[in-house]
Amino acid sequence: MDFQSLFQPVGGLLPIGGEGHFCPMDEKSIAALERQWKCQLPPSYREFLKTFGACTVAESARFRPENPLPPSVSKSGCGLIDVFYGDLIDDGSDDYSLKTRAKVFKKQIGSEFVPIADDGGGSQICLGVQP
């Protein structure tokens with residue numbers, strides 16, 4: 001899948017911090033997360049992680065969730081994406097680590113969801129997973 005083309009309308013995807021290079025996840029790291037979460041990630045998301053890892057969108061990106069957001073949150077029912085989580089980034093920081101975010105939010109979101117991104121305001125964008 002050509003993710004850069006998909007995100008081109010919002011300026012494309014950028015490494016965290018906007019400089020440097022992407023820090024893709026390797027198969028071993030992705031498989032370890034799947035074992036920890038007791039699920040199989042969708043092939044397209046696995047490909048995204050192997051290509052980019054933690055990254056940000058150049059401009060605000062809207063997405064339409066499976067169930068529209070309530071009007072009190074979004075008039076259009078859409079949400080925003082600011083940062084996608086991945087693995088450790090070049091400086092060794094785990095601020096955008098899938099493993100760290102899943103651990104932090106496990107009690108709030110349960111085991112049926114994995115936090116894959118945030119909206120820049122602290123809200124989590126989650127992927128539904130099945131064991």
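Predicted model: local features only at pLDDT ≥ 70, side-chain atom pairs only at ≥ 80, totals over all residues.
The largest nonpolar core holds 28 residues. Among its members, Leu-13, Trp-37, Leu-41, Tyr-45, Phe-48, Phe-84 and Leu-98 have the most contacts inside it. At least two residues of this core come from each of the helices H1 (3–7), H2 (27–37), H3 (43–51) and H4 (98–109). Each of the strands E2 (55–63), E3 (79–84), E4 (113–118) and E5 (124–128) likewise supplies at least two.

Aromatic rings deserve a look of their own. Across the whole structure, a search finds 7 aromatic pairs. One of these joins Phe-7 and Phe-84, with ring centres 5.7 Å apart. The planes of the two rings stand at 85°, and because an angle over 60 degrees is classed as edge-to-face, this pair is edge-to-face. Phe-7 sits in helix H1 while Phe-84 sits in strand E3, so the pair ties together parts of the chain 77 residues apart in sequence. Both Phe-7 and Phe-84 are buried. Ring pairs also link a cluster made up of Phe-3, Phe-7, Phe-22, Tyr-45, Phe-48, Phe-52 and Phe-84.

The next topic is how the helices meet. Two packed helices are described by the angle between their axes and by the distance between those axes. For H2 and H4, the axes come within 11 Å and cross at roughly 15°. This angle is under 35 degrees, so H2 is roughly parallel to H4. Their crossing is right-handed. On the H2 side, the contact is made by Leu-33, Gln-36 and Trp-37, and on the H4 side by Leu-98, Lys-99 and Ala-102. Trp-37 and Leu-98 were also named above for their contacts inside the core.

How do the axes of H2 and H3 cross, and at what angle? They come within 10 Å and cross at roughly 135°, which means that H2 is oblique to H3. The crossing of H2 and H3 is right-handed. Here H2 contributes Glu-27, Ile-30, Ala-31 and Glu-34 to the contact, and H3 contributes Arg-46, Leu-49 and Lys-50.

Setting aside neighbours within four places in sequence, Arg-46 is in contact with Glu-27, Ile-30, Ala-31, Glu-34, Gln-40 and Leu-41. Between Arg-46 and Asp-26 there are 9.6 Å in space, C-alpha to C-alpha, and 20 residues in sequence.

The loop between H2 and H3 contains Lys-38. Most residues other than glycine have a negative phi. Lys-38 is not a glycine, yet its phi is positive, at about 55°. With a relative accessibility of 63%, Lys-38 counts as exposed.

Ser-60 is found in strand E2 and, at 57% relative accessibility, counts as exposed. Apart from residues up to four places away in sequence, Ser-60 touches Val-10 and Leu-80. Ser-60 and Phe-7 are separated by 53 residues in sequence and by 11 Å between their C-alpha atoms. Asp-119 has its place in the loop between E4 and E5. Its relative accessibility is 28%, so Asp-119 counts as partly exposed. Leaving out neighbours within four places in sequence, Asp-119 is in contact with Leu-80, Ile-81, Asp-82 and Ile-125. Asp-119 and Lys-50 are 69 residues apart in sequence, with 22 Å between their C-alpha atoms.

Conventions. Residues numbered from 1 in each chain as written. Heavy atoms only, no water. Core = buried A, V, L, I, M, F, W, Y, C linked by side-chain atoms within 4.5 Å. Buried < 20%, exposed > 50% of the residue type's maximum accessible area, 1.4 Å probe, protein only. Helix = DSSP H or I, 4+ residues; strand = E, 2+ residues; numbered from the N terminus. Phe/Tyr/Trp six-rings, centres within 6.5 Å; stacked < 30°, edge-to-face > 60°. Contact = heavy atoms within 4.5 Å. Axes fitted to C-alpha atoms, helices over the stretch in contact; angles between N-to-C directions. Parallel < 35°, antiparallel > 145°, perpendicular 65-115°, else oblique. Left-handed = near helix turned anticlockwise from the far one by under 90°.
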